[in-house]
Amino acid sequence: MTSSPSDKQSYPCPGLESVFFGSVCVCVCVCVREREREMALSGVRVIELAGLAPAPFCGMILSDFGARVIRVDRTKVTMAMDSLARGKQSVALNLKSPQGVAVLKKLCIQSDIVLEPYRKGVMEKLGLGPEELLKENPRLIYARLTGYGQSGSYAKTAGHDINYLAMSGLLSMLGRSSEKPYAPLNLVADFAGGGLMCALGIVLALLERSKSGQGQIIDASMVEGAAYVGSFMWKSRSLGLWNRPRGENMLDSGAPFYDTYQTSDGKHMAVGAIEPQFYDQLIQGLGLDAASLPPQMSFSDWPELRQTFARVFAEKTQAEWSRIFDGTDACVTPVLPLDEAGSHPHNRERGSFLMDAQDEVSPRPAPVLSRTPARPCLSRDPVVGEHTRSVLEEYGFDPAHIEQLLSAGVVECNKAKARL
Ligand SMILES: C[C@H](CCC[C@@H](C)[C@H]1CC[C@H]2[C@@H]3[C@H](O)C[C@@H]4C[C@H](O)CC[C@]4(C)[C@H]3C[C@H](O)[C@]12C)C(=O)SCCNC(=O)CCNC(=O)[C@H](O)C(C)(C)COP(=O)(O)OP(=O)(O)OC[C@H]1O[C@@H](n2cnc3c(N)ncnc32)[C@H](O)[C@@H]1OP(=O)(O)O
């Protein structure tokens, strides 16, 4: 069913198929040519101040859809912390120097978007707060991506995904029955409620600017972003979906027909057979006799029903169960590890994953736009300070000034080390 993850033909990138039959060099050339074609955010210039996880994701989304994203890194760092740097350029700049601040100001006021991930007050302390910059460029969209937002008593407090998720109310709902709350990686606050929500805010502000001609400030709080992503949990409470304790409701792993099961080879299948007609197909695929089972929605029988399902799933391998359920409406799928997701036939047919010039597999940008799809850059990520000189030249710094900034240690230029 699956082919080797190292099989490069498994990862077609729309319009870039030939890449995988040629050398890395061919890949990069094709990539550049493809990216020259119009994308939804072509022409948009972004200054992304280097952050931990949510802002880099936001910047990568903008870059994937055509924006020119320049990441501003610190000087004297040996390694970029940004693993979400696809398509970005890097300028290394020391913001502890007044000259560095002046350089950043000049970059920001010539851009469409500033994306900043710092604690409330940091940019103002540097004299680069939104009022300051919007005065110089009223079309600027100033996106502030923080955990707790720009106001409220926690605004200046440090935190990470798990704290924001906890404050959103959602963490209390996540976890197995009789166990403590459990954060699902740092997906919900950092990425869904943070980076993605901030990207939405930026796109909305760009759209609005096309009518008003004015920029604005985006206050993207990960607590609020996560809570908003979870709106269904609030607004479906009246349906009784969440009346039972954590881990004992239909969609939080309480129901035996909405859970994962181990197979005989130690892998797992995911079951999401909610509607009666789909549930019937689950029972049929498992080879069980519906008449001998309790009703699907009998809460008190769920523990016993779960045991029955677990016993049956443990009788066959994942591949055997996949063959049984593929092509049915039982809502049963294999639980794929990351290194198998790209080579699953369905994902391969759609080109859902791509392979970059460094043979790294990652998801292709979503969603797919019919006329102006994302054309992600496939060449390697930038090293810190790789584009300092070219970006400064492009933004109007004269060569003598650049040399002075370099020798004063205000900016730094670095070259990628050759890979042997
Ligand atoms: C769960 C996630 C976080 C996961 C992150 C992990 C993926 C990474 C965490 C540790 C990394 C590893 C580690 O660093 C060691 C290696 C380093 C190596 O280079 C790479 C490999 C590593 C192993 C590396 C690997 C990974 O990257 C890690 C494992 C999250 O939840 S992320 C969400 C976090 N929250 C927010 O973003 C909310 C908004 N931000 C904040 O609240 C704060 O920024 C935060 C995050 C609490 C940090 O606070 P901090 O006090 O550190 O900073 P700020 O108060 O914001 O102030 C920034 C100061 O920095 C100055 N500054 C900024 N740019 C420059 C510059 N270019 N030059 C000079 N100075 C600069 C700025 O002026 C501020 O200075 P002041 O404090 O004086 O005002």
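View 1. A polar backbone atom of aspartate 161 lies 2.8 Å from an oxygen atom of the ligand. This is a predicted model, in which local features need pLDDT of at least 70, side-chain atom pairs count only at pLDDT 80 or more, and totals for chains, interfaces and linings use all residues. Residues are numbered from 1 along each chain as its sequence is written, and side-chain values use heavy atoms, without hydrogens and water. An oxygen atom of the ligand is 2.5 Å from a polar side-chain atom of arginine 74. For tyrosine 118, a polar side-chain atom is 2.9 Å from a nitrogen atom of the ligand.

**View 2. Residues around the ligand.** There are 26 residues around the ligand (a heavy atom within 4 Å of it). Those that come nearest are Arg74, Lys96, Arg119, Lys125 and Asp161.

**View 3. Packing of α6 on α7.** Helix α7 (residues 187-212) packs with α6 at an angle of about 80°, their axes 7 Å apart. The two helices are therefore roughly perpendicular (65 to 115 degrees). Asp161, Tyr164 and Leu165 of α6 make the contact with Leu187, Val188, Ala189 and Asp190 of α7 (heavy atoms within 4.5 Å). Five of these residues are nonpolar, none polar and two charged.

**View 4. Packing of α6 on α8.** Helix α6 (residues 161-168) and helix α8 (residues 222-229) have axes 8 Å apart, at an angle of about 55°. This angle makes α6 oblique to α8. On α6 the contact involves Tyr164, Met167 and Ser168, and on α8 Met222, Val223, Ala226 and Ala227. By class, six residues are nonpolar, one is polar and none is charged.

Key:
Axes are lines fitted to C-alpha atoms, for helices over the stretch in contact, and angles run from 0 to 180 degrees between N-to-C directions. Helices (H or I, at least four residues) and strands (E, at least two) are DSSP runs, numbered from the N terminus. Angles under 35 degrees count as roughly parallel, over 145 as roughly antiparallel, 65 to 115 as roughly perpendicular and the rest as oblique. Ala, Val, Leu, Ile, Met, Phe, Trp, Tyr, Cys and Pro count as nonpolar, Asp, Glu, Lys and Arg as charged, and the others, Gly among them, as polar. A polar contact is a pair of N or O atoms within 3.5 Å; within protein, one must be able to donate a hydrogen and the other to accept it, and residues adjacent in sequence count only if both atoms are side-chain atoms.
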